[in-house]
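This report describes selected features of one protein model. Please consult the sequence and the structure shown below while reading.

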Amino acid sequence: PVVDTRGYEGVAFVAFLSGTPSTLGSSVNVQEASSSGASDAVDLAGTAVTLSSSIADGYAGIDIFRPNERYVRLVHVKTSTADILNPILALLYRPGDAPVTHSTAKNHGVEYFAKPSSGTP
């Protein structure tokens with residue numbers, strides 16, 4: 001699926017790895033598209049992160065600041081069945097208009113704070 005970056009300056013993808021990746025060249029990278037269906041998606045040069053055994057049970061992250069197109073997505077180029085991503089997060093940041101109202105329909109147990117003061121939670 002694609003992430004709609006309209007109204008935000010950037011998006012950071014974090015792909016958590018399950019187990020130890022193979023050494024066969026699997027990677028993650030970002031593509032951008034002008035349509036939500038991503039029929040015109042193209043790779044963004046330099047965004048590939050190779051998955052290797054040195055990041056076992058770790059994560060791979062890619063941050064895209066001010067993408068050229070509205071829609072972006074993380075792509076997993078899988079060369080081995082041992083390379084499993086579990087889960088993947090897309091974090092939009094720097095909204096153009098604040099405050100941002102977030103839907104609670106799918107975000108149960110999530111709270112948002114802007115400049116919280118110190119004290120008892």
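This is a predicted model: local features need pLDDT of at least 70, side-chain atom pairs count only at pLDDT 80 or more; totals for chains, interfaces and linings use all residues.

Is R94 buried, partly exposed or exposed?

## Backbone geometry

R94 counts as partly exposed because its relative accessibility is 46%, a value that lies between the 20% and 50% cut-offs. This residue is found in strand β8. Although R94 is not a glycine, its phi is positive, at about 55°.

A positive phi also occurs at A38, about 60° in this case, and A38 is not a glycine either. A38 is found in the loop that joins β3 to β4 (42-43). Its relative accessibility is 8%, so A38 counts as buried.

Strand β8, which spans residues 84-95, also contains P87. The peptide bond that leads from N86 to P87 is cis, and its omega is near -5°.

In soluble globular proteins, nonpolar side chains tend to be buried together. In this model, the largest nonpolar core comprises 15 residues, and F13, V30 and L74 have the most contacts inside it. At least two residues of this core come from each of the strands β2 (8-18), β3 (27-33), β6 (59-65) and β7 (71-77). Strand β2 supplies the largest share, four residues.

What does L74 touch, once residues up to four places away in sequence are not counted? The contacts of L74 are F13, A15, V28, N29, V30, I62 and I88. Among them are F13 and V30, which are named together with L74 as the residues with the most contacts inside the core.

## Second largest pocket

The second largest pocket holds about 170 Å³ of space. Its lining consists of P1, V3, F13, R73, L74, I88, L89 and A90.

By class, seven residues of the lining are nonpolar and one is charged, while no polar residue is present.

## Strand β8 in summary

Several of the features described above involve strand β8. P87 lies in this strand, and the peptide bond from N86 to P87 is cis. R94, with its positive phi, is found in the strand as well.

Note on methods:
Residues are numbered from 1 along each chain as its sequence is written. Side-chain values use heavy atoms; hydrogens and water are left out. A nonpolar core is a set of buried Ala, Val, Leu, Ile, Met, Phe, Trp, Tyr and Cys residues joined through side-chain atoms within 4.5 Å. Buried means under 20% relative accessible area, exposed over 50%, partly exposed in between (1.4 Å probe, protein chains only). Contact means heavy atoms within 4.5 Å. On a 1 Å grid over the protein atoms alone, a cavity is a set of points where a 1.4 Å probe fits but cannot get out, and a pocket is an open set with protein on both sides within 12 Å along at least five of seven lines; lining residues have an atom within 4 Å of a point. Grid points are joined across faces, edges and corners, and a volume is the space filled by probe spheres set on the points. Ala, Val, Leu, Ile, Met, Phe, Trp, Tyr, Cys and Pro count as nonpolar, Asp, Glu, Lys and Arg as charged, and the others, Gly among them, as polar.
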